[in-house]
Amino acid sequence: MGDTISSRLGPGAPSLHLGNGALSVFFDVLAVAVMPRARTDWELRLARWIVESDQLLLGLGTVGFDVSELGWTAPDFEAQQRFLVALLDAALDREGWEHLPPALRQGSPRLTELLWQVRDMVARFPREVVPLPEGDDFRWPCGPPEDGRCELHQVYLHATGCILCNDSSLDEHVPHRSPTL
Ligand SMILES: [Zn+2]
């Protein structure tokens, strides 16, 4: 099982087929990097979208996405694109990794490659297609995070728990593990 990250409206961008583990770690590192950065409504929705991209919330093999699904708005597109590219750079610089579960702090060449690939997709996403027709963003949150923060990992909680508690090894004691689906 696994899922896809794609940019169907981007120029020549290949779809990336990823296993569940690779997708989990991708969202984990974005979850910690986005915390000190998100300020505007769109940035906070992005932060919520990241922590909701948890396979213990949505189900295994369901957290893939297309770059067109990120709630882009025409007046602020450039700022949104800059923010997301800077966020991927921050993840590449390991920002916030001290908050990751210990087993994830080492990183991997595959993760680095994936962050670069998605950064390229975002940087090349064409502004001419924004705004997108409704219906392309079914997973995009309707507002900022509203479930508080995990006191252990310092990331936003989602409706059933914490994306990082859920990716901690089972012998670790963590405060917000979601019920198993
Ligand atoms: Zn947590």
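Q: Which residues in α4 meet which residues in α5?
A: This is a predicted model. In it, Q81, L84, V85, L88, A91 and L92 of α4 meet T112, L115, V118, R119, V122 and A123 of α5. By class, that contact has nine nonpolar, two polar and one charged residues.

Q: What makes α4 roughly antiparallel to α5?
A: Helix α4 (residues 77–92) and helix α5 (residues 109–123) pack at an angle of about 170°, their axes 10 Å apart. Angles over 145 degrees count as roughly antiparallel, so α4 is roughly antiparallel to α5.

Q: How do you know that β1 and β2 pair?
A: Pairing takes at least two bridges between two strands. Four bridges join β1 (residues 2–6) to β2 (residues 16–19), so the two strands pair. They run antiparallel, and D3 has L18 as its bridge partner in β2.

Q: How do you know that β1 and β3 pair?
A: Two bridges join β1 to β3 (residues 65–66), and at least two are needed, so these strands pair as well. They run parallel, and the bridge partner of I5 in β3 is F65.

Q: Why is one side of β2 and of β3 left without a neighbour in the sheet?
A: The open sheet has three strands in the order β2-β1-β3, with mixed pairing. Because β2 and β3 stand at the edges, each has a single partner strand.

Notes:
Residues are numbered from 1 along each chain as its sequence is written. This is a predicted model: local features need pLDDT of at least 70, side-chain atom pairs count only at pLDDT 80 or more; totals for chains, interfaces and linings use all residues. Axes are lines fitted to C-alpha atoms, for helices over the stretch in contact, and angles run from 0 to 180 degrees between N-to-C directions. Angles under 35 degrees count as roughly parallel, over 145 as roughly antiparallel, 65 to 115 as roughly perpendicular and the rest as oblique. Two residues are in contact if their C-beta atoms, placed from the backbone, lie within 7 Å. Ala, Val, Leu, Ile, Met, Phe, Trp, Tyr, Cys and Pro count as nonpolar, Asp, Glu, Lys and Arg as charged, and the others, Gly among them, as polar.
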